[in-house]
Amino acid sequence: MSIRVSHTHGEDVAVTAANGTEILRYVYRPDPEAFESRKPYAHPVRTLAGRTVTGYRPNDHRWHKGLQMTASHLSGQNFWGGNCYVHGQGYLALPERVGSMRHDGFCAFTVEDDRLAFTEDLTWVEHGGAAWAREVRDIAVHSVDEEAGAWTLDWSIRLTNVRDTPLAFGSPTTAGREMAGYTGLQWRGPRDFTGGTVFAPDTDADAGKLMGTQGPWLAFTTEHDEVDAHSTLVFAHAPENLDATTAIHESHWFVRSEPFPTVAFSWAFFEEFELPPGESFAYRYRLVVADGAWDRDRVAGHLEGLPW
């Protein structure tokens with residue numbers, strides 16, 4: 001299926017499928033509230049049938065915005081947004097610790113009949129204004145398949161430390177809160193994903209038991225409010241993410257179905273890791289957005305047809 005791309009310069013990039021459904025809006029003009037960690041995000045994200053599968057500024061966590069790159073604990077700063085977890089004190093409003101990710105421009109932007117691909121340059125800026133990291137982000141929308149009722153979003157990151165000291169990546173769990181290792185690329189679902197079904201390959205574990213586990217992919221299905229319809233999201237790692245010889249650090253799933261729906265590709269769930277000055281790390285991720293309640297076999301089969 002072909003796509004149409006519209007770019008409102010300085011604000012956002014929108015992708016519309018041939019059937020007229022806007023399936024993705026990537027917003028790079030930051031929201032105004034600094035406490036929410038100003039940075040680009042993808043929202044709304046929709047299935048081909050028009051079901052919205054991302055949430056934006058929910059009343060429980062205003063800094064949750066669709067699909068976004070985050071770092072909850074980074075050398076004492078919070079590039080996630082909102083309250084900071086401090087061991088022994090819980091979550092505290094510490095605005096002086098909340099950083100931001102600045103959009104510096106697009107160094108590549110390609111639109112084909114059935115594919116959008118762009119490369120974005122960003123700078124991670126600590127609260128005081130110092131540049132801590134340079135990011136090269138690649139986004140691609142492709143494999144828009146009307147027969148399968150699905151399309152694919154690829155999101156990759158290459159991050160370089162521009163400080164003269166190491167950058168220490170962690171999470172609330174590395175700071176002392178058990179099984180709360182959220183950081184990295186994070187999805188927040190809308191309310192009707194609450195209580196949805198989460199599953200992974202080769203296990204019958206649900207969301208609670210999958211928290212903190214490892215695996216090549218994770219799927220989340222729900223039945224929507226208002227309409228008689230289901231949607232499925234599939235979160236997948238590129239092979240090198242899980243290869244100990246190529247990944248800078250092990251990845252684990254952060255996943256909740258209740259009390260609110262969220263998934264993160266956590267790169268520092270249980271242990272901190274450091275990025276030395278001038279050094280870089282990279283990860284590649286994939287999100288399949290599908291209509292219907294897919295099962296394990298259908299997810300596996302679809303992913304096999306999407307080579308990296």
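The largest nonpolar core of this predicted model takes in 60 residues, and W124, W151, F169 and W267 have the most contacts inside it. A nonpolar core here is a set of buried Ala, Val, Leu, Ile, Met, Phe, Trp, Tyr and Cys residues joined through side-chain atoms within 4.5 Å. Buried stands for under 20% relative accessible area, exposed for over 50% and partly exposed for anything in between, using a 1.4 Å probe and protein chains only. The model is predicted, so to speak of a local feature takes pLDDT of at least 70 and side-chain atom pairs count only at pLDDT 80 or more, while totals for chains, interfaces and linings use all residues. Residues are numbered from 1 along each chain as its sequence is written, and side-chain values use heavy atoms, with hydrogens and water left out.

F199 sits in strand β15 (residues 197–199); strands (E, at least two residues) and helices (H or I, at least four) are DSSP runs, numbered from the N terminus. With a relative accessible area of 8%, F199 is buried. Beyond its neighbours within four places in sequence, F199 is in contact with A205, L210, W217, L218, A219, T221, W294, D295, R296 and V299.

A cavity is a set of points on a 1 Å grid over the protein atoms alone where a 1.4 Å probe fits but cannot get out, and lining residues have an atom within 4 Å of a point. Grid points are joined across faces, edges and corners, and a volume is the space filled by probe spheres set on the points. The largest cavity holds about 40 Å³ and is lined by L67, L153, W155, L185, F235, F265, Y285, R286 and L287. Strand β21 gives the largest share of that lining, three residues. Eight of the lining residues are nonpolar, none polar and one charged, where Ala, Val, Leu, Ile, Met, Phe, Trp, Tyr, Cys and Pro count as nonpolar, Asp, Glu, Lys and Arg as charged, and the others, Gly among them, as polar. The second largest cavity, at about 30 Å³, has D31, E36, S37, R38, K39, Y41, K65 and Q68 around it, a lining of one nonpolar, two polar and five charged residues.

L67 and Q68 also belong to strand β5 (residues 67–70), which is covered on both faces: L67 and M69 on one side and Q68 and T70 on the other are all buried. β5 runs antiparallel to strand β14 (residues 184–188) over four bridges; pairing requires that DSSP finds at least two bridges between two strands. Q68 stands opposite Q186 in β14. Elsewhere, an open sheet of three strands with antiparallel pairing has the order β6-β13-β20. Its edge strands, β6 (73–74) and β20 (273–275), each pair on one side only.

S75, though not a glycine, has a positive phi of about 50°.

Note on methods
Contact = heavy atoms within 4.5 Å. 1 Å grid on protein atoms, 1.4 Å probe; cavity = no way out; pocket = protein on both sides within 12 Å on 5 of 7 lines; lining within 4 Å.
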